[in-house]
Amino acid sequence: MPESVVLLHGFAGTRRAWDGVVARLDPERYRPLALDLPGHGEATDAEGPITFARCVESVLARAPERFVVCGYSLGGRVALHVALAAPERVSRLVLVSCSPGIEDQGERAARLAADRRLADDLERIPFEEFIERWRTQPLFASEPSEVGRLAREDMRRNDPHALAAVMRGIGTGEMQPLWPRLGELRMPVTVIVGERDQKFLALGRRVVELMSNGQLSVVSGGHGLPLENPGSLARLAGGLVD
């Protein structure tokens, strides 16, 4: 029976960000399920605030009984919450370009204020202007132009007001850091980072040190690996670890 692989996109992306990875997963071995997280893509009709608990509930309601969960950036933070909430259902955890949160209270408070300004911008300025601001930040500066084009195309599948709710509810500044809980994870964990993504490379090394069954894989690319290097992600999400 094919192994189920649940794929969770990053902030302002959609399930379509995983198209390249899905196309490279052997259908005889894997059953990929790329989901729109609450507030993204087609998942914008639910009422109430967007929280990590709501995201976990949404993933578990749509996922099979037992599955691999692979999350990129924001999706990785959601995947961590899923694995901690229902470890009996998660056979393997794959974290791509992901941070378990900001530990320093002052730094987290500053990020929370920045996140709220971004949420206000999403409701105030033209969405195309926000997209350009987002895609030209240093995190994505070194990515190939085709990756930027695909990312912008995917962002346009979202509603800016829904994304504002996402930023206010589950932005990096809003999230309580999960570093103290990483040792609770007993399933195999693969942490994937792009070789140009130095900040997240340092975070990834620390993450695997705190896990009993974690492995770091550094692949070609920068931060936006689902679009830049879907081949490596398909291999590693499928458990083919070097």
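Student: Which residue of β5 stands opposite Val-96?

Tutor: Ile-192 is the residue opposite Val-96. Keep in mind as we go that this is a predicted model.

Student: How do you know that β4 and β5 count as paired strands?

Tutor: Pairing asks for at least two bridges between two strands. β4 and β5 (residues 189-194) are joined by four and run parallel, so by the cut-off of at least two they are a pair.

Student: What is the handedness of the crossover from β5 to β6?

Tutor: The chain leaves β5, passes through α8 and reaches β6, and this β-α-β crossover is right-handed. It is called that because, with the strands pointing away from the viewer, the path from the first strand over the helix to the second runs clockwise.

Student: Which strands stand at the edges of the sheet, and why?

Tutor: The sheet is open, with six strands in the order β2-β1-β3-β4-β5-β6 and parallel pairing. β2 (30-35) and β6 (214-219) each have a single partner strand, so one side of each lacks a neighbour in the sheet. On average, neighbouring strands are turned by 20 degrees against each other, direction ignored.

Student: Why is Ser-97 called buried?

Tutor: Its relative accessibility is 1%, and buried means under 20%, so Ser-97 qualifies. Ser-97 lies in the loop between β4 (90-96) and α4 (105-124).

Student: What about Ser-73: buried or exposed?

Tutor: Ser-73 has a relative accessible area of 16%. The limit is under 20%, so Ser-73 is buried. You will find Ser-73 in the loop between β3 (67-72) and α3 (74-85).

Student: What is the phi of Ser-73, a residue other than glycine?

Tutor: Phi of Ser-73 is near 55 degrees, a positive value. Ser-97, also not a glycine, has a positive phi of about 50 degrees. For background, most residues other than glycine have a negative phi.

Student: Which residues have the most contacts inside the largest nonpolar core?

Tutor: They are Leu-8, Phe-11, Val-78, Leu-93, Leu-95 and Leu-185, in a core of 74 residues. The largest share of this core, seven residues, comes from α3. Leaving aside neighbours within four places in sequence, Leu-8 is in contact with residues including Trp-18, Leu-35, Val-69 and Val-78.

Technical notes:
Residues are numbered from 1 along each chain as its sequence is written. This is a predicted model: local features need pLDDT of at least 70, side-chain atom pairs count only at pLDDT 80 or more; totals for chains, interfaces and linings use all residues. Side-chain values use heavy atoms; hydrogens and water are left out. Buried means under 20% relative accessible area, exposed over 50%, partly exposed in between (1.4 Å probe, protein chains only). A nonpolar core is a set of buried Ala, Val, Leu, Ile, Met, Phe, Trp, Tyr and Cys residues joined through side-chain atoms within 4.5 Å. Contact means heavy atoms within 4.5 Å. Axes are lines fitted to C-alpha atoms, for helices over the stretch in contact, and angles run from 0 to 180 degrees between N-to-C directions.
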